[in-house]
Amino acid sequence: MRRTADAVESARASRSWWDRQAPGYYAEHGEFLGDTDFLWGPEGLRERTAGLLGAVRGRDILEIGCGGAQCSRWLAGQGARPVATDLSGGQLDQARRLNAEAGIAVPLVQADAQRLPFADETFDIVCAAYGAIPFVADSAGVMREVARILRPGGRWVFSTTHPFRWCFLDDAGPRGLVVESSYFDRRAYVEQGADSAATYVEHHRTFGDRVREIVAAGLTLIDVVEPEWPDGHDDAWAQWSPLRGRLIPGTAIFVATKEKLALAPQVG
Ligand SMILES: C[S@@+](CC[C@H](N)C(=O)[O-])C[C@H]1O[C@@H](n2cnc3c(N)ncnc32)[C@H](O)[C@@H]1O
């Protein structure tokens with residue numbers, strides 16, 4: 001159903017949903033994600049080819065909503081210093097297991113993206129591959145938190161469900177090509193239990209909303225990447241299917257920077 005869900009209800013639902021689902025998520029998607037790889041979304045765009053983070057060697061990088069921390073392990077392999085965070089202890093258990101299997105000990109921190117437990121100007125780069133942003137009620141607050149912990153000159157890159165997808169049924173087949181609800185309906189998608197408490201929540205922002213939230217946090221938007229569905233990629237990921245992917249965008253990747261402050265001119 002579509003209804004409002006505030007930050008507390010959304011975080012509570014996400015934590016318990018991802019705690020419960022974590023083992024199943026890796027059973028289903030683990031092979032596609034790899035153990036040490038950086039994919040931006042179901043279209044299969046990799047950071048290795050996209051280069052959206054810029055140079056990573058020697059950089060302090062925070063990953064938000066890391067899940068199994070595949071992206072952070074890949075970044076460590078490129079010579080970066082990543083820290084991987086997630087709201088869900090169950091997801092971090094998977095990350096710990098995969099760290100051990102890969103022999104790459106990425107630091108893991110349990111944290112809600114809406115309140116990041118790091119000092120101001122700690123990181124050169126912050127990234128999220130479908131992490132946290134689709135699930136938080138206060139995504140404007142996440143933008144402010146990221147702006148706070150980024151060093152001047154730093155970069156923030158996140159992927160999320162393309163806003164346009166919210167017009168369509170969550171269906172991988174032809175039914176998912178028919179506009180069935182308003183793009184402008186900002187109410188969350190909510191699944192709830194018998195007590196009406198949310199058990200799963202995703203939040204919608206229009207394209208303009210996303211841009212305004214980034215700009216309001218004092219960041220500069222420098223690119224939005226809409227990965228196209230590549231030929232020969234036949235694996236569907238839930239509603240992200242080859243059929244729909246060839247016709248309508250499925251993922252939006254926002255690339256923003258925190259500008260260095262210009263020095264005030266010296267007088268006299
Ligand atoms: C779709 S998974 C993406 C995981 C990983 N980045 C990947 O590509 O597989 C979304 C992740 O966001 C996390 N998440 C949801 N709400 C969050 C929040 N408020 N703060 C931090 N992480 C959150 C979930 O626990 C989950 O691990």
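Modeller: Two strands count as paired here if DSSP finds at least two bridges between them, and the strands (E, at least two residues) and helices (H or I, at least four) are DSSP runs numbered from the N terminus. This is a predicted model, in which local features need pLDDT of at least 70 and side-chain atom pairs count only at pLDDT 80 or more, while totals for chains, interfaces and linings use all residues. Residues are numbered from 1 along each chain as its sequence is written, and side-chain values use heavy atoms, with hydrogens and water left out.

Biologist: Okay, which strand is the bridge partner of Arg3 in, and which residue is it?

Modeller: The partner is Ala188, which belongs to strand 7. Strand 7 covers residues 188–192 and is joined to strand 1 by 2 bridges, with the two strands running antiparallel. Arg2 likewise has an opposite residue in strand 7, namely Tyr189.

Biologist: What's the order of the strands in that open sheet?

Modeller: The sheet has 3 strands in the order 1-7-8, and the pairing is antiparallel. Strand 1 (2–3) and strand 8 (198–202) are the edge strands, each pairing on one side only. Helix 1 (residues 7–33) packs on this sheet, where it touches strand 1 and strand 8, and its direction makes about 100° with that of strand 8. Contact here means heavy atoms within 4.5 Å, and angles run from 0 to 180 degrees between N-to-C directions, with axes being lines fitted to C-alpha atoms, for helices over the stretch in contact.

Biologist: And how many bridges hold strand 7 and strand 8?

Modeller: They pair over 4 bridges in the antiparallel sense, and one of the bridge pairs puts Val190 with Val201 of strand 8. The hairpin of these two strands has 5 residues between them, and Ser196 in that hairpin takes a positive phi near 70°.

Biologist: Switching topic: what order do the 7 strands of the other open sheet take?

Modeller: The order is 4-3-2-5-6-10-9, and the pairing is mixed. Strand 4 (108–110) and strand 9 (220–225) stand at the edges with a single partner strand each, so one side of each has no neighbour in the sheet. From one strand to the next, the twist averages 20°. As an example of parallel pairing, strand 2 (residues 60–63) is joined to strand 3 (residues 81–86) by 4 bridges, and Glu63 has Ala84 in strand 3 as its bridge partner.

Biologist: Which strands does helix 5 lie across?

Modeller: Helix 5 lies across strand 2, strand 5 (123–129) and strand 6 (150–161), and runs at about 150° to strand 6. Helix 6 lies across strand 6, strand 9 and strand 10 (251–257), at about 20° to strand 10.

Biologist: At roughly what angle do helix 5 and helix 6 cross?

Modeller: The axes of helix 5 (residues 139–149) and helix 6 (residues 207–216) cross at roughly 35° and come within 8 Å. Ser139, Ala140 and Met143 of helix 5 meet Arg210, Glu213 and Ile214 of helix 6.

Biologist: What about helix 1 and helix 4, how do their axes cross?

Modeller: The axes of helix 1 and helix 4 (residues 89–102) come within 6 Å and cross at roughly 35°. On the helix 1 side the contact includes Trp18, Asp19 and Tyr25, and on the helix 4 side Gln91 and Arg97 are among the residues involved.

Biologist: Last one: which residues come nearest to the ligand?

Modeller: Of the 20 residues around the ligand, Tyr25, Asp86, Gln91, Ala113 and Ala129 come nearest, where around means that a heavy atom lies within 4 Å. A backbone N or O atom of Ala129 lies 2.8 Å from a ligand nitrogen atom, and for Gly65 the corresponding distance is 3.1 Å. A polar contact is a pair of N or O atoms within 3.5 Å; within protein, one must be able to donate a hydrogen and the other to accept it, and residues adjacent in sequence count only if both atoms are side-chain atoms.
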